[in-house]
Structures are given as C-alpha cells and as structure tokens.
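Hello,

Please find the structure below. My notes on what was found in it follow.

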Amino acid sequence: MRKFFTLIFAVMFAGQALARTSFEVNGLKYTITDAEKHEVSVEIISDDNKPQGNLIIPAEVENDGVKYAVTDIGYRAFYDCTGLTSVTIPNSVKNIDYLAFQNCVSLTSVTIPNSVTNIGGTAFADCQKLTEIKVDGDNSTYTSENGVLLSKGRDILICCPIGKTGPYTIPESVKNIGNYAFLGCSGLTSVTIPNSVTSIGADAFYECSSLTKAEFASVESLCKMEFVNYSSNPLTTYANLYINGEEVTEVSIPNTITSIGDYTFYGCSSLTSVTIPDSVTTIGKYAFCGCINLTSVNIPNSIKEISDYMFAGCCNLSKVSMSDSITRIGQQAFSNCHRLSLAIPSSVKTIGLGAFNYVANIIYTGNVEGSEALTVNGIIDGDFIYSDAERTNLTAYIGEGGDVVIPDGVIRIGEMVFSRSKLSSVIIGNSVISIGESAFEGCSCLTSVTLGESVKSIGSWAFENCTGLTSITIPKSVINMGRIFEGDQNLTIYCEVSSKPEDWSSDWNCYDIWGKKFCTVVWAEGNTEPGTAVIESAANAINIYAHHNTIIVENATEEIRVYNAMGALVGRDVACHVRAEINVNVAGVYIVKVGNVAKRVMINN
C-alpha cells in the first residue's frame, strides 16, 4: 500500500513539474501553461539579461521539436526593463498579467492586438514616458480614445497612460473608472468627470501628485458616485472638488437626491456648509470625513442613522442638530471633532466604538428605562447595544477638559468605559448602583468625582492612577468595593460610614502592591471636610432639596453656593435664612454647598 501511494505522489509531482517546465529562446524565457494545447507564457530570463530598444515578442516558439503558441505575458514579465522603448505584442497573446511592464520607464507607446481579452491591473505601472495605448482592430475586447484604454463598449475607463499630462476630460460614454485607472499619472493637472460616471475604482487616482482640480458636472452626479473598495474619496487626496466650474464651499443637496454615497465629500477642505433636504434618507460612511472647515450641519428628520466615520476629523465642526429620528450613531462618527458640543436625542439606542473620540462636550437628553446600562463617553442608556468588539478598549473618548453628567435612570457604568479619557469632572446620578472595574482608570485629568447616593458597588481599579484626584467621598450606600485606588496620587478618601464594611475588599486601602502609602482615609466620625455627609442634629438640621426649578435650603447658617454640572457657580445666598430659595432655570444635576456641607440635587423643571 505504501508503494502504491509513493507511485501516486511521484506521478502527481511529475505532472506538476511538467506544468511548470520552462525553456529559453533568443533571450526570453517561456513557461508551459497548457501542455495539451501547446501554450506558453513569456518573461525575461533574468535581471542581468533584460531586453532593450525594440522588443518583438514572437507568436510561436519551438522547443524539443514542439511548437508552442505564446498566449500570455506573465506577472511582472518585463519588470524594470528600463531600456525597453517599444514592444510588439503578437496576435496570439490572450492575457497581459498584472504589472507585466512595470517600471519600463523608456516605453513610449503600446499596441494591444485583437486577441487580448484580459489586461491585469497596473500592467503598465510606472511607465513614465508612456503617452498612449493603441488597440489594433475592430474586433478587440478593448478600444482607445486619445491614447486612453477603454472597454469595447467605451463604458469602462481601464487605463490612462502614466505619461499623459495636463487636464483630461473623461469621455461621456464612460460609466465606470476602473481600479488603478490613473495610477501614477503625476503630470495630470485636472480631471473632468461627466454625469455618466457612476463609480470610481480603488486607487484610481493614486499618486496623481499634480492633480489640483476634480470637476463634476452636478451635485447629483457627485452624491450618486460610488467609490469602490477604497478608504477615502480617491480624488480629494490631491484635488479640490469643483461642481460646474465652481469650487465646493457651500452645498445645497437637491431634493431629487435620496442618498449621499460613501466618501462623497471626504477630505473636501473647502466645504464650509451643507444643506441636506428631507428627501435624503441615507448618508454613507465617511461622507463628510476630514471636511476641516465644515462648521455646522442640520441632520433632517428623514435620516435614521449617523454612519461610521461620517464626520470624523471635522475639527471645526461646532454644531450638529439631530432629531429624535436618529436611532444609531456609528463607530468613530464624530471622532476628533474637537470643538463640537453635541446633544444626543433620546431616540439613540446604539453607539459605535469611539463615536465621540475627543469630542468637546456631550449631553444626553433621554430617559432610561429598564436594564443595566453600558456607556461610551458618558452617553448612557439601558438599551444601548454593543458587539463584543465594541465592549473592549473603550478608551480616550472624552475631549480635553470634558465634564460628564451621568443622568438619573442609569443603573450601571460598565468596565473601562472612561478608561484613560481626558474628562476633568464627573457627577454620577442617584440611580447608578454599580461602577465597573477600571471604569475611570488612568483619567489623569480627573479632579472632581461626585458619587450618587444609590451606588452600592465599585469595582476594582475603578479610579486607579487618577493622579489629579485629591479627594473623593464614598457614600454610605456603598456595600461592596474592590481595590479601587492605586497610584501615587496623594489622595484623601472621605467615607460616610464610620468603619470599613465587611464586604469591602481586604486590600481596598491606601497601599500599593509594593506597600507604599498613597492616600489617607477619613471616616465619618469627626469628619469636617468639604463633600462629606451632613451630620444633622435635632436642633439644627440642614435640609437641601429641589422643588420644580427652585433649590431650597433650610436652616443654613453659612453661605450657600450652587454649582452646575460643569463646576460653574450659578447661584449663591450670602445671608443666613431659616429658608433660602435659589431659582435655577436649566434642568440638570447641581451641587449645593453650605459651608463645609455639600449635596447633589436634580432639577427637572
């Protein structure tokens, strides 16, 4: 049995060796591609034996008495033949493979015979002097116009010779610009794209370093454009966008448009404003990504989703208006919009990873019902949906100096959700019952934390390495607490309970893993520091509460100060009253301080 398999393998390898048999004729190498049909591909013998001047590829070659038809020009067959000035391709060739003539820098023109039915992408890449590609015969799969290679029906632009310079207008017959079509056309200065074109392929204008103007006939043709398999609009890498002779600055999308495609205005640095009508129901990913001078956008009611990376990198965007029609905000949708202050409607139920990376300010206006909540950037909702990938590495999503208010109704703050972000203060509403592990780990800019009175559990390392935090009060509601503090931060912990509860971690205290003390614990008994619990007596009990839009303080004997969620002083009463009333017109969480006593109140208007 073993000899049988050995024989089988020997026959198989013999067949493979036959299929790969190569031979040399007149300085060229030929590889047998079909032994039965007697077909071969051609390539150079070696880097030391490259053809120069005029190359004539034969239609037929002979080896060991057998004649073979030359049907293929192989992958990188004549790569870097810098001395090659012209090439004659025989009518036997069916296929010109990828990069077949790459970097043939002296090649000036090529004629494609009738027989060729396939030309690989970038077959003539880096042929710097190639100014035209000709097609021989009317029965060819290809045709040419002004030296540019097109499909037979003239609806696909396949290749513009890299040596073509100056402006170029794409023929109105063209519907699709193929992958790599203008690759390396460094002398191309402008391109005019007619309404007929509906798609632009991958890397179509890559390395067009002199391209400064890309002109579309209309807004409609731009909005309907499909950019295929590319990470950006391939035009705006080099060129400014023009529509009907005018540079794109202020754009009003016509109400005949129902969809704005992916990458449409990607990198359009001249765009300052855009008006989107209700007729538009979808806007593609990256649609306005990198529009650095776009300042404000109104999203119509017809839009249900802010797509991935839609406004990423719009560094001057300061206002985006969204209605309750929005249900999803995609990943990185507003990332690096440093000046944006954004109100998220309550209808939003899904937020993608990094949606608000380095956004200046986030406000969530909704009410939460039901189950546990997850969070990104302090936008929290019990109905938010995240994939497993989106639950990991949710870091650095708060803008410099950001403040976050966790609204009432939120039940849980998930693990690592604010880890290493740049927020400076956080106020956690009274409905939160648990804070996950490492929730605020590494928030070195954090200086103020106010914990709600319903918090029962704080996970390990929740405030690890929050080096800017100098004091924090742990409410008496906290039953379970891990090793939440660690790092050289000179922290004072004020505990509303008089001694450590049984369910707190045995190593939650102020010593790091090397035994170094980095914080001080002050228990409720005798505690007179700001932010601690109010220790009331029957004779003089300070009572702080809200009624409609008024904060009421009873039995205050010292100055009353009211701060909003951002830490700004919004009201004060310097006199001593049995009952003081301070009006607040804006709903939200406020901190009321009376001397060394502080309490959170919620104004709902």
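**Notes on the model**

Ser221 counts as buried because its relative accessibility is 7%; buried means under 20% relative accessible area, exposed over 50%, and partly exposed in between, with a 1.4 Å probe and protein chains only. This is a predicted model, in which local features need pLDDT of at least 70 and side-chain atom pairs count only at pLDDT 80 or more, while totals for chains, interfaces and linings use all residues. Residues are numbered from 1 along each chain as its sequence is written, and side-chain values use heavy atoms, with hydrogens and water left out.

Ser221 belongs to helix α2, residues 219-223 (helices are DSSP runs of H or I with at least four residues, strands are E runs of at least two, both numbered from the N terminus). Leaving aside neighbours within four places in sequence, Ser221 is in contact with Asn195 and Phe216, where contact means heavy atoms within 4.5 Å. A polar atom of the Ser221 side chain lies 2.8 Å from the backbone oxygen of Ser218.

The largest nonpolar core has 73 residues, and Phe182, Phe205 and Phe288 are among those with the most contacts inside it. Such a core is a set of buried Ala, Val, Leu, Ile, Met, Phe, Trp, Tyr and Cys residues joined through side-chain atoms within 4.5 Å. Helix α2 and strand β19 (213-216) are among the elements that give two or more residues to this core. A second, separate core has 39 residues, including Leu55 and Ile73.

The mean pLDDT of the chain is 79; pLDDT is the predictor's confidence in each residue, from 0 to 100. Over residues 365-401 the pLDDT is below 50.

Regards

Methods
Polar contact = N/O pair within 3.5 Å; in protein donor to acceptor, adjacent residues only side chain to side chain.
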